[in-house]
Amino acid sequence: MAVGEAIENGGTCRYNGRITPFVVFACAVAATGGIIFGYDIGISGGVTSMEPFLKKFFPKVYDKMREDTKLSNYCKFDSQLLTLFTSSLYIAGLVASFFASSVTRYFGRRPSILAGGAAFLAGSALGGAASNVAMLIFGRVLLGIGVGFANQSVPLYISEMAPPRHRGFFNNGFELCIGIGVLFANLINYGTEKIEGGWGWRISLAMAAVPATTLIFGAFFLPETPNSLIQRSSDIDKAKSMLRRIRGTDDVQAELDDLVKASLISKTVRHPFRNIIKRKYRPQLVMSIAIPFFQIVTGINVISFYAPVLFRTIGLGESASLLSAVITGIVGVVSIFICMLLVDKLGRRKLFMIGGLQMLAAQLMAGGIMAAKLGDHSEISKPYAYSVIVLVCIYVAGFCWSWGPLGWLVPSEIFPLEIRSAGQSITVAVGFLFTYLVAQTFLSMLCHFKSGLFFFFGGWAAIMTVFVHLFLPETKNVPIEQMDKIWREHWFWKKIVAEIDVKTDKIEA
């Protein structure tokens, strides 16, 4: 057995069922929660490169960019207030994700999705109407609350609704929607930048209401997952009826038995955040922290937030920078779709490692070109600038068929029911925390590290690839309520997770 692998065939699910139109509809509607996250990621980087927006809210940055010819190319956009506009959303999302855990656990997955859509809608209205920085940032906070609730509940919802054999395909629909949201935002930015009068940024920010309204409307038609029905009400008949409907068969007893067993265990746990630190959950806790951390330190959010700023740094004009961001958005969406087709065939581990190596190579080459050809005051020649854009596209493709979708998929499928909401909240919170830190420090890091920033993120890509090889077992085809066995069969985790009595939580001899 290769290092880090779990048995794969032994985990093949024994449940009956097929892909039904009903489960496709439910998962597709829920996955649109990813659009609101993706739209915000794409829109913030675009508007912060628009001169009318900078002139109105961040005049010091605008003046520095236009008038200070002695300033390094890498330092033109260095402003803590400007980065606060981007990063404030993620602190709000971090806090909201913990409240979302309780809502998801005690009231169900659908109310949490609805709350996320409503908060995001309110934030989009404030952003589009903003007249000062305080109003702008308060709108970002509301957007963060919306994203916090959606990111906590949507991946759980999809993982619980999807057939085990196709869970990777369905769950990656969430990341596909994030990619679509980024692309949609980049297209909006590219169009609104051309509006005369300098108010196009208002349309960019206000258009966030479109995906938010879609999510709210769709959520009213979503059913609750069988897992949540049993966990909250113990209504076995209702859960069985829902299971038959989403699986397209009457023979669902095996899956129902596992859900009931998981629910009985979950009801013995009154404090999931306190329980998740126990030894028997150590692998899940480590993954809930490590995977989102690594997902962020790939540097992807730097590209997503600041792609137009980065492309302006290497000498492209405002319109060309926004168009380049559109191109990277298209590459991202196509790559996520490729991952959807491959994830349940190749498995999670292979895609993680292939994508990690691809990102490493692209970052090292892009950093090398910028180190050799872009000085503090000189402009990079167009062939080299376009080479950087191509390498960024290769990097985005590597992320989008590996750490992008799998960074959401794997955490959502590894937690047992009794700690599932808490575990997902930790995953989302860690992601938001490090997204905030990267967003808040990137422009300053770009100013001080310069091209070395690519080598910095490239180093993390190497570390995370080794981590997956050593410590992440394969979860392909393993039913979500039987996931605990992959840790007991793993070369490393089996030393930590011994046979544990559920009631006493003591290690058995």
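Helices (H or I, at least four residues) and strands (E, at least two) are DSSP runs, numbered from the N terminus. The structure described here is a predicted model, in which local features need pLDDT of at least 70 and side-chain atom pairs count only at pLDDT 80 or more, while totals for chains, interfaces and linings use all residues. Residues are numbered from 1 along each chain as its sequence is written, and side-chain values use heavy atoms, with hydrogens and water left out.

The protein contains 23 helices and zero strands. Of its 509 residues, 61% count as buried, where buried means under 20% relative accessible area, exposed over 50% and partly exposed in between (1.4 Å probe, protein chains only). Among the contacts (heavy atoms within 4.5 Å) with a separation of 6 or more, 83% come from residues 24 or more positions apart.

A nonpolar core is taken as a set of buried Ala, Val, Leu, Ile, Met, Phe, Trp, Tyr and Cys residues joined through side-chain atoms within 4.5 Å. The largest such core has 67 residues, and Phe 53 and Phe 58 have the most contacts inside it. Helix α7, residues 133-161, gives the most to this core, with eight residues. A second, separate core comprises 52 residues, including Ile 336, Met 340, Val 396 and Phe 399. In soluble globular proteins, nonpolar side chains tend to be buried together.

Residues up to four places away in sequence being left out, Phe 58 touches Phe 53, Leu 81, Leu 82, Phe 85 and Leu 136. Leu 205, in helix α9 (residues 200-206), is buried, with a relative accessible area of 9%. With the exclusion of residues up to four places away in sequence, Leu 205 touches Ile 43, Val 47, Phe 53, Phe 85, Ser 124, Gly 127, Gly 128 and Leu 136. The C-alpha atoms of Leu 205 and Ser 44 are separated by 8.2 Å, although these residues are 161 residues apart along the chain.

Gly 146 lies in helix α7 and is buried, with a relative accessible area of 0%. Its contacts, neighbours within four places in sequence aside, are with Ile 36, Gly 116, Ala 119 and Phe 120. Between the C-alpha atoms of Gly 146 and Ala 118, 28 residues apart along the chain, the separation is 6.9 Å.

Two packed helices are described by the angle between their axes and the distance between the axes. Axes are lines fitted to C-alpha atoms, for helices over the stretch in contact, and angles run from 0 to 180 degrees between N-to-C directions. Angles under 35 degrees count as roughly parallel, over 145 as roughly antiparallel, 65 to 115 as roughly perpendicular and the rest as oblique. By residue class, Ala, Val, Leu, Ile, Met, Phe, Trp, Tyr, Cys and Pro count as nonpolar, Asp, Glu, Lys and Arg as charged, and the others, Gly among them, as polar.

Helix α1 (residues 21-31) packs with α7 at an angle of about 170°, with the axes 9 Å apart; α1 and α7 are therefore roughly antiparallel. Val 23, Ala 26, Cys 27, Ala 30 and Ala 31 of α1 make this contact with Val 154, Tyr 157, Ile 158 and Met 161 of α7. The contact of α1 with α7 has nine nonpolar, no polar and no charged residues.

The axes of helix α6 (residues 109-129) and helix α10 (residues 209-219) come within 8 Å and cross at roughly 155°, which makes α6 roughly antiparallel to α10. The crossing of α6 and α10 is left-handed, meaning that the near helix is turned anticlockwise from the far one by less than a right angle, with right-handed used if clockwise. Residues of α6 in this contact include Ile 113, Leu 114, Phe 120 and Ser 124, and those of α10 include Ala 212, Leu 215 and Ile 216. By class, the residues of the contact divide into 10 nonpolar, three polar and one charged.

Helix α8 (residues 167-192) and helix α20 (residues 403-414) pack at about 130°, with their axes 8 Å apart, and are therefore oblique to each other. Their crossing is right-handed. Among the residues that meet are Arg 167, Phe 174 and Ile 178 in α8 and Pro 405, Trp 408 and Glu 413 in α20. The contact of α8 with α20 has six nonpolar, five polar and three charged residues.

Asn 477 is placed in the loop between α22 (452-471) and α23 (485-488). At 18% relative accessibility, Asn 477 counts as buried. Its phi is near 70°, a positive value in a residue other than glycine. Most residues other than glycine have a negative phi.
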